[in-house]
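Work through the exercises below with the coordinates open, and try each task before reading its solution.

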Amino acid sequence: MAHGTEATQQRQPEDRTDDAPIAEDEREQLTAPSNLHYIQPTSLSLISEKQWKPTASRQTDAMVYGMNNMTTILTQKAHTAGARMQLIMSILANLTVLSSGMGLGYSAITLHALTSEDNPLRMNSSQASWFASISSIACPLGGLISGYLLDRIGRKKTLMLINVLSIVSWSLIAVCSVTNFDLMYTQILVARVIIGIVIGLVSAPASIYSAEIATPKMRGRLTVLTSLSIAVGILVIYSMGYAIPDDFRLVAALAAGVCVLSLVLLCFMPESPAWLMSKEREEEAERSLKKIRGYGAYRQRIPEVEKELMRLRDNVMAQKRAGQESFLRLLRQPQVYKPLGIIIGFFGFQQFSGIFVIVVYAAKVSSEASVSMDPFLCTVLIGITRVLATLLVAYILDTLGRKPPSIFSGVGMLVCMFGLALCSYFPPIEGLKWIPTVLILTYIFTSTLGFLTMPFSMLAELFPQAVRGPASGVTVFFTYLMSFFTIKLYPTMVDLIGSANVFIIYGVVSLLGVLYVIYFVPETKGKSLQEIEDYFRGMSHGSTPSQEVEEDEISSLSSESV
C-alpha cells in the first residue's frame, strides 16, 4: 500500500500536466486541512478510515491523487455531511406529514365545543360522528391517487401538492360561517374530506422518499420519521386545543400556517435520485445523490456515488427488460403479492385494535374509561406520550429490528385494554382513580412502539421499485377504509354493547395481532431493499461477501455520525 502510494505521488506531476487543471475552488475543497482526511486513488478498493489511517506527512501535504481523469474522496467529513443531509432531507419531507397528524387529532379537540348545548350552531350526535369519521372515508381515495402521483410527478412535487391541499382544507375551516349552520357544516365537511385525501396521500410519499435516499443502516430511523411526524402533528393540535378550547377556527388558521411553512421549506429539498433515474434524468440523479451523500456541488466523479448510480441504473434496466407490465399482472409475482398481503394484514390489526379510535376520540375515551383529570389535559399527555415513544422507535428499529418491538407492543395493548375494561366494569375507588389514566398512557406508549409505527415503516421497505408507488397506494386505500369503519362505528358500538366490551374486543384483536407478527411478518432489519425483494421471490442475495462488507463499511461511516 505504501509503495503504491509513493509511486502515485511521483507520477502526480505528469498526470496533472496531461489532465485538465483543477478549478481553484475545487482545489481548495479537496486540499483544505479541515476537509481532507484521506484521498485515495480510484484503483484501490474502498476502505474505511478505521482500516486505512493516513500518516502525518499525508495529512500535512494534503495531496490530491488523480488517475484516469477521476478523483475519489472518501472522508469522514463527507460521510458525516451525508448522514446529516439524509436526516435533514427526510425531516423536510416529513414536515408535510404534520398536517396528517393535525387532521387526525382535530376532531378530538373540537367535538366538545361543536356539540356543546351552549353553542347555537351545535351538531347532534350523528352529525358529530360524520365530522369525526368522514376524513377516514376520503383517505382511501388519497391512497390510490398517491401511487399515480409518485410515479408521474415524483416525490417532491407530490409532497408540495399535499401541502397546497392542506392549506385549502384548514383555511376553509378557519373562514367557515359563524351565523348559518348549514353553510358552516357543509364547509367543515368539505374541509374534512380534503384533509382525509391529504392523510391518504401523505402516508406513502414521505416514507418512500426517506427509504430511497437512506443508506441501509440509516433507513430504519429515517422511515420512522413519518410516524414521528404524525405523532408531533397530533401533539401540536392537542396542545392548540388545550390552549384555545373554544375557538376551533383559530386552531385551523394556525394549522394552515404550519402547512405554509412546510411548503416553503420543501423548495430546498432535492428530488429522489431513484425516481430521477427511473425517468432517465441521470445528470439530475447524480447531482441529487451527491448533495444527499454530502458531496455538495463537487463536479468530478466519485466512485462511491458512481457505484450507487450504477445500481439505480441496473434496477431501471431490469424493469425495462421485464417490460411495461400492468400492476395487475405484476401482482401475480411473489415479490409483489406476498408483501402486499402481509402489510395489509398488519395494518388490519393496527386499525381493529383501536389505535386510531383513541386518537380521534381521545377526550371521549378518557371520560368513558373513568379518567378523573381534565379530558383536554389528558389528550395533551396522550400526544406527548406518543411523541416520546416514536422517538424511542427510531432507536429500536435499527437495534431490535421490527418483530420484537411489535410483539411487545401487542402484548402491552392487550393488557391495557383488558385493564380499561375492568375499570369500566368496576370504577376505581378514590385513591386509585389514577389507574385508568396510567392504562391509557401505557396503551399509547406500547402501541406506538410497534403496531402504530411498524406498518408505516415497513410500507417503504417491502415493495420492489417497479410497484412501490401503486402498491403503497393500494395498501393505504385498504388501511384507511378499515379506519373509517372503526372510527364511524365506535360510538354505535359503545351504545350497543358498552365501552367495557369494546375495550375487550380491542384487546382480543391485539392478541391475534401478536400471533400474526410472530408467524407472518418478516424481519427486515439490516437488509437492503434488494435483499428484501429477493426474500419474497425466494432467492438468496446475489452480492459477493466483499460487496456486502464494503457496503456495510460505507453505511457504518454514515450511521456513526448521527
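The exercises that follow concern a predicted model, and they treat a pocket, a helix pair and an aromatic pair in turn.

**Exercise 1.** Determine which domains line the second largest pocket, and where the pocket lies relative to them.

*Solution.* Begin with the pocket itself, whose volume is about 480 Å³. Its lining comprises 24 residues, of which Leu111, Ala128, Tyr361, Lys364 and Pro491 are the closest to its centre. Next, assign the lining to secondary structure: at least two residues come from each of helix 5 (97–114), helix 6 (125–152), helix 19 (362–368), helix 20 (375–396) and helix 24 (468–497). Finally, since domain 1 (64–269) and domain 2 (324–537) both contribute lining residues, the pocket lies between them. By class, the lining divides into twelve nonpolar, nine polar and three charged residues.

**Exercise 2.** Classify the relative orientation of helix 6 and helix 24 from their axes.

*Solution.* The two axes come within 7 Å and cross at roughly 175°. Because angles over 145 degrees count as roughly antiparallel, helix 6 is roughly antiparallel to helix 24. The residues of this contact comprise 16 nonpolar, nine polar and two charged.

**Exercise 3.** Find which parts of the sequence the pair of Trp130 and Phe484 ties together.

*Solution.* The whole structure holds twelve aromatic pairs. Among them is the tilted pair of Trp130 and Phe484, with 6.3 Å centre to centre and 35° between the planes. Trp130 belongs to helix 6 and Phe484 to helix 24, so the pair links parts that are 354 residues apart in sequence.

Conventions:
Residues are numbered from 1 along each chain as its sequence is written. This is a predicted model: local features need pLDDT of at least 70, side-chain atom pairs count only at pLDDT 80 or more; totals for chains, interfaces and linings use all residues. Side-chain values use heavy atoms; hydrogens and water are left out. On a 1 Å grid over the protein atoms alone, a cavity is a set of points where a 1.4 Å probe fits but cannot get out, and a pocket is an open set with protein on both sides within 12 Å along at least five of seven lines; lining residues have an atom within 4 Å of a point. Grid points are joined across faces, edges and corners, and a volume is the space filled by probe spheres set on the points. Helices (H or I, at least four residues) and strands (E, at least two) are DSSP runs, numbered from the N terminus. Ala, Val, Leu, Ile, Met, Phe, Trp, Tyr, Cys and Pro count as nonpolar, Asp, Glu, Lys and Arg as charged, and the others, Gly among them, as polar. Domain bounds come from an automatic or database domain assignment. Axes are lines fitted to C-alpha atoms, for helices over the stretch in contact, and angles run from 0 to 180 degrees between N-to-C directions. Angles under 35 degrees count as roughly parallel, over 145 as roughly antiparallel, 65 to 115 as roughly perpendicular and the rest as oblique. Rings of Phe, Tyr and Trp (its six-membered ring) pair if their centres lie within 6.5 Å; planes under 30 degrees apart count as stacked, over 60 as edge-to-face and the rest as tilted.
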